[in-house]
Amino acid sequence: MEKLLARRSVRLVALAVFAVVLVVAPLVSSPFINYQLALIAVFAVALLGVNIVMGYTGQVSLGQSAFLGLGAYIAAYGVKNGWPLLLVLVLCAVLPAAVGMLVALAAARLRGLALAMITIALPIIGIPLARRFSDFTGGSGGATVSFMKAPDWSGLANDQWRYYVVLVIAVVAFLLARNLVRGRVGRAFAIVKENEAVALAMGVSPYRYKVLAFTIASLLGGVAGFSYLVVVQFTSPETLSFFTSINLVAAMVIGGSASIAGTILGAIYFVVVPVLAGAVNSARTALISGAILLAVLFLLPRGLASLPRRVRQLSARKSHGRTGATAPHNSPDGASSAAPPEIPEIPAANEERQAR
Amino acid sequence: MQYFIQVVVDGVATGAIYGALALAIVLVNRATGLINFAQGAMAVMATFVAFALTRAGVPLIAAALAAFAFAFVLGALLERVVVRRFEGGDPDIAVVATIGLLVLLTGISAAFFGYEPHPFPSFFPLGTVNLFGVFLSFRSLGTIVILVVAMVALQVLFRSTKLGLAMRAVADNPRSSALSGLPVSRLLMIGWGLAAGLGALAGILVAPQLFISPGMLDFALVYALAAAILGGLDSPVGAVVAAAFIGVVENLAGAYIDVIGDDLKIAVPFAVMIVILIVRPQGLFGRKVVVRV
Amino acid sequence: MRNFHKTTRVTGAVAVLGISALLVTGCTRADTSGTGTGASAGAAEASPGITDDSLSLGISSPLSGPTAGPGSCSVAGLYTYLEAKNAAGGFEFGDGKTRTVKLTYLDDVYDPAKAVSNFRQLEGDGIFAYVGALGTPTNAAVMPVANEEKVPQVLLVTGATTFSKDQKTNPWTFGLLPTYFDEGAAFGKLLADAGKAVTVATLAQNDDYGKDYLAGFQSAIEGSDVKVVGSATYEPSDTTLDSQVTELAATKADTLLSAVSVTPLQVGVLTRAQDIGWLPRIFLPSNTSTPATVIEPGQGTAYPALYSTSLTKVPVSPAFADDEEVKAYNAAFEKYGSKITTTYTPHCAWSYAEGAILEQAFKGMTDPTRDSFMTALHSITGFHAPLLLDGITVDTTATDKPAIQGIQLVQYNGKGYAPASKY
């Protein structure tokens with residue numbers, strides 16, 4: 001118990017340091033760094049949506065970029081027509097959520113790959129639609145907007161102000177999502193992910209919770225689209241690209257499935273790795289990014305969020321030999337019961353390996 | 001009427017491109033229960049081997065055989081070295097590993113050959129057959145014939161050979177397969193090797209039309225995935241039929257529905273697919289999966 | 001429940017800490033001056049990215065992904081020109097100094113968000129100007145930022161009209177190449193001038209590239225006997241255009257305007273039309289008309305005539321093998337540009353010529369400032385850049401046109417292109 005308390009206070013301090021860094025960083029950084037930080041906040045929200053559907057509820061979603069693009073287009077249209085920004089933000093949340101819910105109402109009876117295929121279809125259909133309705137979207141040339149300039153009283157530069165705006169949006173989204181996944185709904189998600197039949201037996205409707213998860217993910221995708229427009233000030237059909245969806249899924253797993261901290265790490269990965277690859281050799285970015293992705297998966301198959309546990313695990317293995325390695329998994333107390341989906345997988349994977 | 005038939009025939013020819021890759025996806029899924037996003041990138045790499053050989057003066061048929069051999073080894077090796085580590089665990093992680101392979105292999109191909117598309121020789125001459133005013137090019141005809149042969153061969157492999165049955169058993173339940181004495185590790189490698197070989201075949205068949213470049217099959221992969229899933233994922237026949245279906249529906253919508261036009265026609269088969277999957281989640285030819293509790 | 005209270009308390013503490021941190025640091029950037037936004041203090045004060053012996057340029061183009069071929073060439077040609085000149089002693093500037101010019105290039109995968117990110121990065125690294133980037137959506141996303149920050153975003157390797165037509169609103173941006181509109185118009189004019197009834201089928205990419213082409217063509221045939229009898233579009237992601245060609249062949253048009261920018265698809269159009277017995281005169285756009293990669297694989301000689309537009313000599317064509325400029329280009333490219341790409345697209349030649357235009361601007365620069373650079377860059381007339389065909393010159397003085405003007409309409413003669421004068 002004492003250990004637990006100590007851990008909690010360590011976490012508190014870490015959280016406080018993290019918050020101070022978040023607030024102070026843009027004041028001392030270049031516009032380029034701020035742009036990266038702001039992009040991390042943008043994609044963290046989109047990734048949070050992916051994580052709620054995939055990580056927490058266990059459903060494959062390969063269409064998040066469609067909601068990101070939809071949100072960005074709604075924002076661009078609203079800004080161009082001079083609507084109040086708060087209304088625009090609300091629309092960016094509500095409309096994609098409604099679209100996501102409609103799709104999910106039809107599709108959530110499916111599972112696995114059939115469901116995945118329907119989500120793949122969203123960006124595939126969305127891109128030509130975006131080109132077709134050019135009055136609304138600006139067509140293939142995209143929509144350029146200029147808004148969210150730093151107000152005079154703030155004394156901030158535009159890049160700093162925009163960073164704070166998207167940071168606030170991200171923080172609110174994360175706090176709400178954290179409460180959601182740690183509460184009753186989160187437990188229901190976990191049961192649906194574990195076994196739909198069991199969920200039914202327990203009186204949890206898998207269909208309803210899948211629709212809910214998709215709706216929340218679409219909502220977060222739309223909000224991320226609003227943030228995207230704030231930061232980039234431009235959107236085009238490229239925003240909807242299917243490959244963005246794929247990369248988001250990769251970043252979600254790299255960060256850590258069913259983990260809030262992992263979502264943030266995944267967003268950092270999503271934004272920073274291409275920059276790193278460019279720094280190494282701009283003509284070889286694909287090769288370098290692919291190698292980094294595989295390397296992380298090999299070292300930390302359960303994502304960057306598992307790094308502390310992995311380090312502990314490895315050091316335990318070193319000092320205690322083979323028998324010690326399994327010890328950390330068998331502590332079903334406070335910290336780990338907060339994230340139930342994490343428990344059952346490791347033993348299963350181990351069994352499988354022994355079987356071969 | 002003649003125009004209608006022409007539009008349908010063109011659709012089948014387009015579908016053949018997706019179908020070839022879809023077969024490879026089905027094979028991997030049958031052998032390992034996974035979806036392999038790197039299937040296209042592996043195929044492209046093997047096709048580049050054939051490309052380099054033909055450029056060095058090797059006859060196409062020999063170059064193609066070399067590409068098969070290369071693809072088989074590459075597939076088996078990637079299964080053993082990379083994918084094996086993630087099998088049996090969370091399937092999401094295994095799928096993301098194949099996404100990593102997709103990016104990495106594309107990068108390697110590009111490092112050697114650049115991103116610009118290069119012409120690639122074909123087994124079949126240019127030109128067309130003209131049947132009552134409907135045109136079909138020799139290349140499309142050849143692709144379709146080879147595709148059907150491959151499809152039948154796969155069907156026979158899974159239904160009637162020991163190897164095929166053993167592979168299916170391993171995909172279904174690796175643990176019991178191991179207990180009953182099947183060489184699970186080797187079977188998994190063979191499954192990936194064969195799928196990669198099939199991918200190489202697909203690559204060599206479509207490269208004359210698409211031109212060889214690292215991203216040659218990126219877009220085709222999406223269609224191929226759709227065909228594989230729509231067809232039922234465990235059925236070679238289903239994958240090929242679904243691929244042809246996608247090609248035909250897309251073409252018909254573009255040709256006959258003015259509102260749809262050339263830009264939105266891609267949306268039609270996907271919309272139809274959504275409806276079909278909602279009615280028949282197991283796909284057109286798939287068997288219903290019984291969920292164990 | 002206990003957990004929940006804890007959460008709110010933590011959140012509160014974090015918020016208080018954050019706000020106090022904000023107050024302590026005084027809400028302002030420590031070094032606003034270092035980011036290089038304003039060089040308004042006086043003519044003598046140097047802009048970022050330039051010293052007495054060096055100048056740095058930046059570019060972001062797609063170097064991976066489907067558009068990486070042209071993207072890599074938009075870097076490689078420029079890099080070749082700059083490095084060759086550096087090795088020969090450097091560039092002479094209008095202020096009497098000699099500087100070496102460094103080019104930093106980044107990959108944006110044709111993604112607008114990444115392009116803005118790269119622009120920010122280059123700006124942070126202290127580039128003097130952003131030059132020669134390829135891509136319409138990517139440059140469109142960078143344009144407002146560049147103009148806000150007053151960083152030159154010039155000689156862009158794109159034919160979209162957006163970047164050059166309104167330089168009063170966006171004074172820091174303009175393009176290098178004749179627009180797609182001009183290309184389409186040049187061909188339309190050829191048909192209109194023929195003075196007879198011509199039927200035309202059009203096939204265009206479903207985006208601004210295709211639309212500009214068609215708009216130019218339409219404007220030129222206005223009021224003539226030339227009639228468009230069929231039109232189709234395609235997506236760059238399509239795997240084949242057979243169905244579009246089938247549809248257009250049904251119109252039996254005399255002429256096909258094939259504004260297809262994807263090489264394999266353009267080859268597919270050429271093989272398909274003859275396969276189904278349709279042999280129109282065909283117009284090919286400048287970026288998909290290279291004999292070795294398009295016409296020969298597509299067996300283009302089957303058609304009565306193939307037209308295209310051309311700006312530059314083709315360094316990879318034997319027809320130009322003895323040309324002095326081509327020899328110089330090939331030698332330099334082997335040494336420098338081949339590090340970035342080994343495959344030729346016309347963009348390599350275009351961006352090589354772009355290097356010479358930059359050199360011309362440097363010569364006219366009297367102060368080491370961006371303002372002076374823009375003034376000098378906008379004062380070039382009648383300049384012959386290497387590799388440009390005779391009759392095509394650089395004129396940067398108009399505020400609604402790109403740098404290179406004049407399009408030469410050419411016709412394929414079985415080996416290469418020769419000037420085309422009539423239909």
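I started with chain C: the centres of domain 1 and domain 2 of chain C, taken over C-alpha atoms, are 29 Å apart. The bounds come from an automatic or database domain assignment, with domain 1 at 54-178 + 319-405 and domain 2 at 181-310.

Bookkeeping: this is a predicted model, where local features need pLDDT of at least 70, side-chain atom pairs count only at pLDDT 80 or more, and totals for chains, interfaces and linings use all residues. Residues are numbered from 1 along each chain as its sequence is written, while chains are lettered from A and ligands numbered from 1 in the order in which they are written.

Next I checked contacts (C-beta atoms, placed from the backbone, within 7 Å). Seven residues of domain 1 of chain C touch nine of domain 2 of chain C. The domain 1 side has four nonpolar, three polar and no charged residues. For the classes, Ala, Val, Leu, Ile, Met, Phe, Trp, Tyr, Cys and Pro are nonpolar, Asp, Glu, Lys and Arg are charged, and the others, Gly among them, are polar.

Then I looked up A against B: 39 residues of chain A meet 43 residues of chain B. On the chain A side, α5(A) gives the most, 11 residues. Helices are DSSP runs (H or I, at least four residues), as are strands (E, at least two), numbered from the N terminus. I count 29 nonpolar, three polar and seven charged residues on that chain A side.

How values were computed
Contact = placed C-beta atoms within 7 Å.
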